[in-house]
Each structure stands twice: as C-alpha cells, then as structure tokens.
Amino acid sequence: MKSSVFLFFGSMFGSRLGDQLLLFVVPLVVFQTTGSVSLSGLAFAAETLPRILCFPVCGILADRFSPVTLVRISQAGRSLVCAIGLLGQYFMPHVGWIVAIAALSGVLTTQGFMAREVMLPQIFKDVAFTKVQSYAQSVDQICIVLGPVIAAALFNLFGWEIVVVMSGALFVSADALISIWRRLSVVELKEAKPLDGHWTKPFRTALNHLFYLPGLKRIVALTALVNLVFGVTLATSASMVTGLYEQSEEYYALLQSVGAIATFAVLLITGVSRLKLTHIGIISYSGLVIGGVITGFTSNYWIYLLGYCVILGFDSMFNVYIRSARQKIIPPEDYGKTVGVIILFNNFTLPLSGLLVGLVTSVEYTGWLILALTAFIACTGLALSLVGGSTQPAEASETQ
C-alpha cells in the first residue's frame, strides 16, 4: 500500500512541478523580451483564462469518465504541447510560443486537477479527508518552492526552451508513475456514468445551487475579490522585481520561494489552531488587505517581499476557509459539478487582474493599481460582511 501511495503522490509531484516551471517562466520571459509591464500582464491573462474557463466542463468530465484516464490524457497531452511548442520556436522564433504552451498546458492541468479531486476520496476513503488534503497541499507547496529555483537556474544557464524541455520530461515521468500505480493499486474507482437527461442538466444543477443555497453566493463573491488582489500581485511580481526594483532573476526566484515557505507556514498554523471557521475567514481576508497595502506603498524590494509573503500566506488561509465552508453547504452528490462552476466564478478575476495590469503604462504605476484594488476589496468585503452577516451557524461553530 505504501509503495502505491508514493507512486500516486510522485505522479502528482511531477505534474505539479512541471506546471510550476511554466508558470514561473512565462511572465519573466515576456517582460524581459518586450520590456513592457502591460504585455506581461496580458500574458498572465492569456495564461490563466483558459484554465479558469475549463473548470465547469472538466468537473463534469471527471464525474462521467475514468479519472485515471483523464489524468493520463492531461499529462501526456501537456508533454505533447511542450514538444510542439518547442518545434514552433525552432522554426519560427517568437515569445508567443511560450505563452501558447502555458495556456494550452493550463487547460490540461485543469482537467488533471479535477480528476485527482475526484480520485482522492476514493483512494483514501479510510483516511480522514483533511489529512489527505494536507498531503496533497504539501506536495503543491514543495513544487511551488522548487519550481522557481529550478526554473531560474535553467533559464539563466540555457534559456526558456530548456525550462519547457524539463517540464515536458516531468509530465512524461508523471504519466509513467500513474500508469505503474494503476497496475499495482487494488483501489476500485467508480465506473464511468452515462449522461442522465439533457447535457445542460449538470450546469443547471450547479447554477441552481450557486444562486439558492444560503451563503454560497457571498463566499463566491469574497473569493473573487481576494483573487483580484492575488492575481494582480502575481501578474506584476516579475516586472516589479526585475523592473522597478532592478533586481536579477535570482531575486525573483527568491521571492517565489520565500512566498511558498510562508504559505506552508500559514497552512501549518491554521491546521493546528482551534479557530472558528468564521474567524479564519476574517483573519485571512484582513491579512490580504494588509499585504496589499504593504506591496503597493513600498519602494524597497525586501519590504515588497514581506508584503508578497503576507498576501500568499493569507490567501492560502482563506482557501482553507472557503473549501471548508462550501463543503458544508453543497450536497455531496452534486459537489463535483457545483465546485467546477464555483471555481469558474471564483477565479474569473485572475485574468481580469492581468487585463487591468495591461492598462498600466509604466511599471512605476503598478503600486497605485495594487493600492486601488486593495481599497476596493476592503470596502466591498466589509459591505458584504455587514449585509450577509456571519456565515451559517453550523459553520461558525466549527473549529479547525
């Protein structure tokens, strides 16, 4: 059993690390190639938008088809995208190839993510699901720490093409590990389900839950606001570090790595604390606002790093809040399809933040954009809290 667990999480590790390499290198390559913070922001939007739009469809597919097959398609497909993109760059060099690789890989990453979400409770049905999620999030955090370090080293020595080669190799290894895991594992996964009723039925069910289940709309709105500041922070970090603060790629990698360590620390503290769920939501939302103020005001790299860590750390804490809250609200039988639609609404502000960055004419003005968005989410979040009151009583009494 232990060997099969290592194979499963090893496959997840390879898949996530390959994805992190691509996420790191895209804004850096675009900014260094063009010198434009606007194009860097637009590249971030082009990279994230396909991922987000595909969540509802990928969620439904994960309910209807074998999740192992979908994971393998995701990993093999991403390695193929990397290969085709590199061939295109060889024959027709252009910075657009790296953006296209990241965008197409993002769609397949979404499918792999949703399929694994369906697999986890089936594979570890005798283990507390909170513990399973902590394992999965630990793998994510390790990849977030290692990704920038490895990508920066490869980028400095060989260029972005080698980073893509490394990502493709990781996707191939992840596919091999999940294939071996499936042969050794005795876990019985659910059979593929035929579509019951019209093809729009899952979407209608999910939207019905979103609009009519008590408290769900407010949670989605707060998450979209959080992602607005989180997204603009990610979209501008490369240009802020290498442009405004005139630091090297190593300092950008340091920013990413320290931010991931801060995220891991906040998750650990949240997991061992006995805070009520509503208190976790209030603390994390307030922390994000404070982090936005710090990153927006400062002209010093090290203070910016502090604000960046505060944003990433409390964003992870807020994720604990929303995942726990929505699990208490959504019926278990409709959880997959509803979460797919919710993630779409939660994350539409990520590409929107990239588009807003695209309106900035100079890197010197990005701090004012961050401050304006931080003020907006602070006021709107306060208004939503006053209008909606506390989350449902059942949630408020829960401890982590």
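Keep in mind that the model is predicted. Two helix contacts get a closer look here: α2 with α9, and α4 with α7. On the cysteine side, the disulfide count is zero.

**Cysteines**

- A quick reminder: a disulfide is a covalent bond that joins the sulfur atoms of two cysteines.
- How many disulfides are there? The count comes to zero.
- Take cysteine 54, which is in no disulfide: the nearest cysteine sulfur belongs to cysteine 58 and sits 5.1 Å away.
- Cysteine 54 is partly exposed, and its relative accessible area is 22%.
- Cysteine 143 is buried, with 0% relative accessible area.

**Helices α2 and α9**

- When two helices pack, you describe them by the angle between their axes and the distance between those axes.
- Helix α2 covers residues 37-53 and helix α9 covers residues 216-244; their axes come within 9 Å and cross at roughly 135°.
- That angle makes α2 oblique to α9.
- Which way does the crossing of α2 and α9 go, left-handed or right-handed? This crossing is right-handed.
- From α2, the contact uses Val37, Ser40 and Phe44, while α9 brings Gly231, Leu234, Ala235 and Ser239.
- Sort the residues of this α2 and α9 contact by type and you get four nonpolar, three polar and no charged.

**Helices α4 and α7**

- Helix α4 runs over residues 67-91 and helix α7 over residues 160-184. Their axes come within 9 Å, and they cross at roughly 160°.
- Angles over 145 degrees count as roughly antiparallel, so that is the label for α4 and α7.
- The crossing of α4 past α7 is left-handed.
- The residues of the contact between α4 and α7 split into 13 nonpolar, six polar and five charged.

- Look for threonine 109 in helix α5, residues 96-123. Threonine 109 counts as buried, at 11% relative accessibility.
- What does threonine 109 touch? Leaving out residues up to four places away in sequence, threonine 109 touches Asp19, Arg51, Ser74 and Arg78.
- Alanine 325 belongs to helix α12, residues 301-329. Buried or exposed? Alanine 325 counts as buried, with a relative accessibility of 0%.
- Along the sequence, alanine 325 and valine 226 are 99 residues apart, and in space they are 16 Å apart from C-alpha to C-alpha.
- Arginine 204 is part of helix α8, residues 201-212. At 47% relative accessibility, arginine 204 is partly exposed.
- Arginine 204 and arginine 51 lie 153 residues apart along the chain, and 21 Å separates their C-alpha atoms.

**A residue in a loop**

- Where is glutamate 246? You'll find glutamate 246 in the loop between α9 and α10, and α10 spans 249-272.
- Glutamate 246 is exposed, with a relative accessible area of 68%.
- Check its backbone too: phi of glutamate 246 is near 55°, a positive value in a residue other than glycine.

How values were computed. Residues numbered from 1 in each chain as written. Predicted model: local features only at pLDDT ≥ 70, side-chain atom pairs only at ≥ 80, totals over all residues. Heavy atoms only, no water. Disulfide = S-S within 2.5 Å. Buried < 20%, exposed > 50% of the residue type's maximum accessible area, 1.4 Å probe, protein only. Axes fitted to C-alpha atoms, helices over the stretch in contact; angles between N-to-C directions. Helix = DSSP H or I, 4+ residues; strand = E, 2+ residues; numbered from the N terminus. Parallel < 35°, antiparallel > 145°, perpendicular 65-115°, else oblique. Left-handed = near helix turned anticlockwise from the far one by under 90°. Contact = heavy atoms within 4.5 Å. Nonpolar A, V, L, I, M, F, W, Y, C, P; charged D, E, K, R; others polar.
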